[in-house]
Amino acid sequence: MLVQLIIGTVLLLVSIIVAGLSYWIIAYVLHRSHDWLMRSPHRPKLMLVLCVAAVWAMAQMTVAVWIWAIAFVQLGALPTLEEAVYFALVAFTTLGFGDVLLPEDWRLLGGLAAANGLLNIGLVTAILLESLRDLRGLQIAALDETE
């Protein structure tokens, strides 16, 4: 049990570090685009940022699922990469179909993967909303200055 908790905690931390690093990249890109984003028209640019952020969120979640899937295969918890990716995705999104199960020796990892998925979805949602709110606030302030 302790081994599962340690491995699961390490995987969770790696996943969160990947999310943090990817956020730094997207924040850097937004910062570099600041002048362009502040010029009119604002709404199409806000939609572009929303679309890019949504693709970023999906990419970050995909990387996290693959981290877990590769770990499942390396640990021998699941026999194929396809089955491991499927299980990791189902656990990460907390769907929990139950058609693929981890062996009893590794079943705590399934719960930790689900907890990781909930945490990542919450973090990505918070970051996405905060970034869009900040951008829109700056755009409104830029409009007020021009009037």
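**Entry 1: ground rules**

I count a contact when heavy atoms lie within 4.5 Å. I number residues from 1 along each chain as its sequence is written, and my side-chain values use heavy atoms, with hydrogens and water left out. The model is predicted, so I ask for pLDDT of at least 70 for local features and 80 or more for side-chain atom pairs, while totals for chains, interfaces and linings use all residues.

**Entry 2: confidence**

I looked up pLDDT, the predictor's confidence in each residue, from 0 to 100. The protein chain has a mean of 91, and 99% of its residues reach 70 or more. I take helices (H or I, at least four residues) and strands (E, at least two) as DSSP runs, numbered from the N terminus. Where is confidence lowest in the protein chain? It is lowest in helix 5, residues 107–146, at a mean of 88. It is highest in helix 4, residues 81–92, at 96.

**Entry 3: Leu78 and the cores**

I started from Leu78. Setting aside residues up to four places away in sequence, Leu78 touches Phe72, Val73, Glu83, Ala84, Phe87, Val100, Leu101 and Leu102.

Next I looked for cores. A nonpolar core is a set of buried Ala, Val, Leu, Ile, Met, Phe, Trp, Tyr and Cys residues joined through side-chain atoms within 4.5 Å. Buried means under 20% relative accessible area, exposed over 50%, and partly exposed in between, with a 1.4 Å probe and protein chains only.

The largest nonpolar core holds 23 residues. Those with the most contacts inside it are Trp68, Phe72, Leu78, Phe87, Leu102 and Leu109. Helix 3, helix 4 and helix 5 each give this core at least two residues. Helix 3 gives the largest share, 8 residues. I also found a second, separate core of 8 residues, with Met38, Val49, Leu132 and Ala142 among them. In soluble globular proteins, nonpolar side chains tend to be buried together.

**Entry 4: pockets**

I searched a 1 Å grid over the protein atoms alone. A cavity is a set of points where a 1.4 Å probe fits but cannot get out. A pocket is an open set with protein on both sides within 12 Å along at least five of seven lines. Lining residues have an atom within 4 Å of a point. Grid points are joined across faces, edges and corners, and a volume is the space filled by probe spheres set on the points.

The largest pocket has a volume of about 180 Å³. I list its lining as Tyr23, Ala27, Leu30, His31, His34, Leu37, Met38, Ser131, Asp134, Leu135 and Leu138. For classes, I count Ala, Val, Leu, Ile, Met, Phe, Trp, Tyr, Cys and Pro as nonpolar, Asp, Glu, Lys and Arg as charged, and the others, Gly among them, as polar. The lining divides into 7 nonpolar, 3 polar and 1 charged.

The second largest pocket comes to about 160 Å³. Its lining includes Met58, Trp66, Leu89, Phe92 and Ile121. Helix 3 (42–75) supplies the largest share, 6 residues. Here I count 10 nonpolar, 2 polar and no charged residues.

**Entry 5: the cavity**

How many cavities of 30 Å³ or more are there? The count is 1. The largest cavity has a volume of about 60 Å³. Ile26, Leu30, Val49, Ala53, Trp56, Ile127, Leu128, Ser131 and Leu132 line it. Helix 5 brings the largest share of this lining, 4 residues. By class, the cavity lining has 8 nonpolar, 1 polar and no charged residues.

**Entry 6: backbone checks**

Most residues other than glycine have a negative phi, and most peptide bonds are trans. I noted one exception of each kind. The peptide bond from Ser40 to Pro41 is cis, with omega near 0 degrees. Pro41 sits in the loop between helix 2 and helix 3. Thr94 has a positive phi, near 60 degrees. Thr94 lies in the loop between helix 4 and helix 5 and is partly exposed, at 43% relative accessible area.

**Entry 7: two surface look-ups**

Is Leu129 buried or exposed? Leu129, in helix 5, counts as exposed, at 55% relative accessibility. Leu129 and Arg43 are 86 residues apart in sequence and 16 Å apart in space, C-alpha to C-alpha.

Trp36 is in helix 2. Trp36 is partly exposed, with a relative accessible area of 39%. Beyond its neighbours within four places in sequence, Trp36 contacts Lys45 and Leu48.
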